[in-house]
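Q: Could we go through the aromatic residues of this model together? Please put the structure up first.

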Amino acid sequence: MNSHNRLARIWAHRATLDTLVRRDLRVRYARSVLGYLWTLIDPLAMALVYAFVFGFIYGGHGKPGLSSSSDQKWASTDGVPIVLFLVAGLLAYNWFSNVINESSRALYAERLLVRSTNLPRELWVMRVVTSKGIEHLLSLPILLGFLVFYMLRGEVSLSWELVFWIPALIVQFILLTGIGLVMAPVTALVDDFARITRIGLRVLFYVTPIVYSLHFLEAKLPAEWTWAKFLIQLNPLTGITDMYRAGFISQYGPDWHAWIYALIVSLAWLAFGSWVFRKLEPAILKEI
């Protein structure tokens, strides 16, 4: 079956995808007392911890003689208050890491349905990406709350570039679908791949500009290490997080190179993921 026919089948079963996503969201909060609030508490707690460690302990804020200007105080985050900077990056990264971890179990966890139904098996990956994407949208009030807080304090201002949240969501959805289409079949066949991926996610967190800005890193790198900046720009999460932050970072303009790389790499992952899934699908059905 070619890619066009597969896409047509997925579209024909969009109502089934909607049902699967609703089921996932209901199950997630069914036995939880706080329910939806966990979507806010988790990233908020992590943002505050990282802000304390990287902003105050290692950042040296509050030491005598340190300039109080926002450019000096928030040098590592392009002049933006560190909590706001971190929340924007962490929310995007949480969506990414949650999908990678869940998609590794997407086929095996639902193996009875995967084997016994005639549904497009890509739906089991897309339900993970979509349900985690909805949770990501539900966590955005944290970012909006900090935006309002720092705007009232006069420490940040918004620009029309806030609309770049929309392409950021689209590009990240494409990227996660592509990676998920690789993760799901490979981990169903090779269990060790899930463990390797968890290690990779830890490393990726620190080589993605989440707790620091790319401009700050560039200033710290030796002049001859231009390749390091290129590699970080090639990381699609670099461009995606920059899109999320574009509306309230006025010290620098958008990193267009990182944005273009993010789009190209995401589309490449989608094409590669579709090919891998199609090739491994017969082996998966035998294995599970």
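Q: Is Trp259 buried or exposed?
A: Trp259 is buried, with a relative accessible area of 7%. Buried means under 20% relative accessible area, with a 1.4 Å probe and protein chains only.

Q: What kind of model is this?
A: The model is predicted; local features need pLDDT of at least 70, side-chain atom pairs count only at pLDDT 80 or more, and totals for chains, interfaces and linings use all residues. Residues are numbered from 1 along each chain as its sequence is written, and side-chain values use heavy atoms, with hydrogens and water left out.

Q: How many aromatic pairs are found in the whole structure?
A: The search finds 13 aromatic pairs. Rings of Phe, Tyr and Trp (its six-membered ring) pair if their centres lie within 6.5 Å; planes under 30 degrees apart count as stacked, over 60 as edge-to-face and the rest as tilted.

Q: Why is the pair of Phe146 and Tyr150 stacked?
A: Their ring centres are 6.4 Å apart and their planes are at 20°, so the pair is stacked. Both Phe146 and Tyr150 are buried.

Q: And what about Phe164 and Trp259?
A: With ring centres 4.6 Å apart and planes at 75°, that pair is edge-to-face. Phe164 and Trp259 are 95 residues apart, and their pair links distant parts of the chain. Phe164 is buried too, with a relative accessible area of 14%.

Q: Changing topic, which residues form one aromatic cluster?
A: Tyr93, Phe96, Phe205 and Tyr206 form one cluster.

Terms used
Buried means under 20% relative accessible area, exposed over 50%, partly exposed in between (1.4 Å probe, protein chains only). Helices (H or I, at least four residues) and strands (E, at least two) are DSSP runs, numbered from the N terminus.
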